[in-house]
Amino acid sequence: MIEVKNVTKAFDGKTVLHDVSCTFDTGKTNLIIGQSGSGKTVLMKSIVGLVRPDVGHIFFDGRDRLTMSGKQIKELRKEIGMLFQGSALFDSETVMANVMFPLVMFSDMSHAEMVDRANFCLERVNLKGQGNKYPSEISGGMQKRVAIARAIALNPKYLFCDEPNSGLDPKTSILIDELLSDITHEYNITTIINTHDMNSVLGIGENIVFLNRGHVDWIGNMDQLASSTNESLIDFVFATKLFREVRDYQLAHRN
Amino acid sequence: MYSVFNYFFMFVTKTFKAIGRYCLFMKSVISVPDKWKVFFRRTGSEIYKLGIDSIPLVVIISLFIGAVITIQMQINIESPIIPAYAVGLATRDIVLLEFSSSILCLILAGKVGSSIASEIGTMRVTEQIDALDIMGVNSANYLVFPKVIGFLIYIPVLCVMSMFTSIVGGWIIAQFTDIISVSRYVYGLQAFFTEWYVWYGLIKCLVFSVIITTVASFEGYYVDGGSIEVGKASTRAVVNSSILILLFDVILTKLLLQ
């Protein structure tokens, strides 16, 4: 479980996160949603350690990341997997080398064991037999799946995904969402997904944190979304006609 | 007047900030690698990419510059009181003292420096460096240290290769034109030879190789933005490393030759 307590962050005098507090549960797909500029990325970067909050605490299963020593942070990072918006695969390495990278750097496995583990991870994301290709030779959706395989190679306790569906077609987006949800439940990972994709919100949002202008405006899950009375949230999530109709249907169906 | 002072003050502040940032960057670079096996593998790969790949450029440029120096020496020092072998002697000393170290490294700053800055800069903008940091890898050390060591190991080879090829370039001119006889050129090459000049050139190359790799890596590592910024970083890498090479050329010449 990851707990964010009273986190505030400002850049050049402009406060981006205002006293943000929320909890991300283990074994659930936790979503951070909000409009562009609402502070989603800064919150995620603050949690993973790419940005240092000005005030507040971030607890990883009770361990405050902001008071850890350099060595403790390094150890913590080995428990973290991250899927970047652009996949962030190493261009000069093959798919197999990319997935093996964390194993090479941080495990004491033999080469054969590393190859086995990498093959297992690739198989888990339905990319069996693609190991010899380079990232430039595979599609965007496949790159995302390779990035997921790399992120889970070391059996992380925490998985962070920054807009995993950006640039993907709806069908591939659903595949990625299902994969992330399955992996989260299968390995009991604390997964945090930063997303704009309303299909993801309505499909895998087991715990949703809605950020509005740097404040936590709503916390709930996908089943509570339709009945929420938070206008900012409703305007954001059910922005299109189709989604409004979905909401009306859900409310009518529930009643 | 105020604006000139203001501009100067800002320039000085910016320069000191950059120097401070460079020192912190180098502190991260020069640390114990996470895995020695990976470090040695990457160093080997960098020797190939930065060093061996530069051989054709070094050979071609050295060959032609050696030939040109010989022709120009013959034209400029043609005098009844100067012996003909002075052409070979002057060609040798120019090559050993300046061309195969400083000028060669200025050329390599263009090739190797821009390549390093754009490679690392692209990794920064595509979040590959963030990915390394998140995994707990010291990204500066992982990416830059093998480049510094790899180029440091290979630059003496390129320097000696350049010295040899330049002199061969002059020899070709002597062989195939009538501006100087081969025997006088070769006699000039051997006359009043100072071995220290070779060591002086090699020492300069070692220092310059560190400047090229670290300045280019520094520019690439701190790219902020997109592809245009990567291009700008690449240009800054070449310009800044060239200026530093010239500055250190003066300092090393003063220290090593006087």
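Of the 255 residues of chain A, 52% count as buried, that is, under 20% relative accessible area with a 1.4 Å probe and protein chains only. This is a predicted model, in which local features need pLDDT of at least 70 and side-chain atom pairs count only at pLDDT 80 or more, while totals for chains, interfaces and linings use all residues. Residues are numbered from 1 along each chain as its sequence is written, chains are lettered from A and ligands numbered from 1 in the order in which they are written, and side-chain values use heavy atoms, leaving out hydrogens and water.

The radius of gyration of chain A, taken over C-alpha atoms, is 19 Å, which agrees with the value near 18 Å that a compact globule of 255 residues would have; that rule is 2.2 Å times the number of residues to the power 0.38.

| Property of chain A | Value |
|---|---|
| Span of the C-alpha trace along its principal axes | about 55 × 40 × 30 Å |
| Accessible surface (Shrake-Rupley method, 1.4 Å probe) | about 11500 Å² |

Carbon and sulfur atoms account for 48% of the accessible surface of chain A.

Chain A comprises 10 helices and 10 strands, which are DSSP runs of at least four residues (H or I) and at least two (E), respectively. Within chain A, β1 (residues 2–11) and β4 (residues 55–60) run antiparallel and are joined by 5 bridges. E3(A) stands opposite F59(A) in β4(A).

How values were computed
Buried < 20%, exposed > 50% of the residue type's maximum accessible area, 1.4 Å probe, protein only. Pairing = 2+ DSSP bridges.
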